[in-house]
Amino acid sequence: MLEVFITSKIRREILAKFLLTPKASFHIRDLGRMVGTEINAVRRELMHLSDAGMLKKRHSGNRLYYETNPGFYYLNPLIKLFSCEYGLGGEILKNRESLGNIKFAMLSLEFIKGRASSRNQVDLMVVGNLNQQALESLVKKEEAFLGKEINFMALSEDEFGFQKTRHDPLLVGALGQARVILCGDEEKYCSFFK
């Protein structure tokens, strides 16, 4: 869907690298290899993104590295947008039919930004009549790719409603954090967490 709004495939791929790993630094040649294009095209895109304030330049020896500017005004909205197309969020939306009848799905914004998971934080929440095995398989695949554990909650609507009325601490924490809604009605599912 992003190709409708950002027509340059190279720009989309470069943005995805920076937005889904906002703490990483990239050298121009590395980015060229990652996105599979010539260095001049990458250089042009990096110049545009730097001029817009999204990227910062950092010299290390005689090499120039680019990294995400954490103070960029549109950083969080762009991360949210790209996480629905790439990474775990993109995989959930692409495989939505095989995962069952998903009513609501969200990712923690801090998880997307690279925070290490802890036992009392939820990285992914999915609510609906779910194919638990398919969801677990997708999460394990993403864990292997990321090299870290993903804490997730998979709940039926009844379980979600029950835990919400009981103000379950794990659910309250999950819905109270900055989040990316992949699908579902945020007002309905997060109404007392505004």
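Trainee: Are phenylalanine 104 and tyrosine 189 buried or exposed?

Mentor: This is a predicted model, in which local features need pLDDT of at least 70 and side-chain atom pairs count only at pLDDT 80 or more, while totals for chains, interfaces and linings use all residues. Residues are numbered from 1 along each chain as its sequence is written, and side-chain values use heavy atoms, with hydrogens and water left out. Buried means under 20% relative accessible area, exposed over 50% and partly exposed in between (1.4 Å probe, protein chains only). Phenylalanine 104 and tyrosine 189 are both buried.

Trainee: How many aromatic pairs does a search of the whole structure find?

Mentor: Rings of Phe, Tyr and Trp (its six-membered ring) pair if their centres lie within 6.5 Å; planes under 30 degrees apart count as stacked, over 60 as edge-to-face and the rest as tilted. Across the whole structure, the number of aromatic pairs found is six.

Trainee: Which arrangement do the rings of tyrosine 73 and tyrosine 74 adopt?

Mentor: Their centres are 5.0 Å apart. Because their planes stand at 90°, the pair is edge-to-face.

Trainee: Is tyrosine 73 buried or exposed?

Mentor: Tyrosine 73 belongs to one aromatic cluster with Phe72 and Tyr74. Its relative accessibility is 69%, so tyrosine 73 counts as exposed.

Trainee: What is the arrangement of the phenylalanine 104 and tyrosine 189 rings, and how many residues apart are they?

Mentor: With centres 4.7 Å apart and planes at 15°, the pair is stacked. Phenylalanine 104 lies in strand E4 (residues 100-108) and tyrosine 189 in helix H11 (residues 186-190); helices (H or I, at least four residues) and strands (E, at least two) are DSSP runs, numbered from the N terminus. The pair thus links distant parts of the chain, at a separation of 85 residues.
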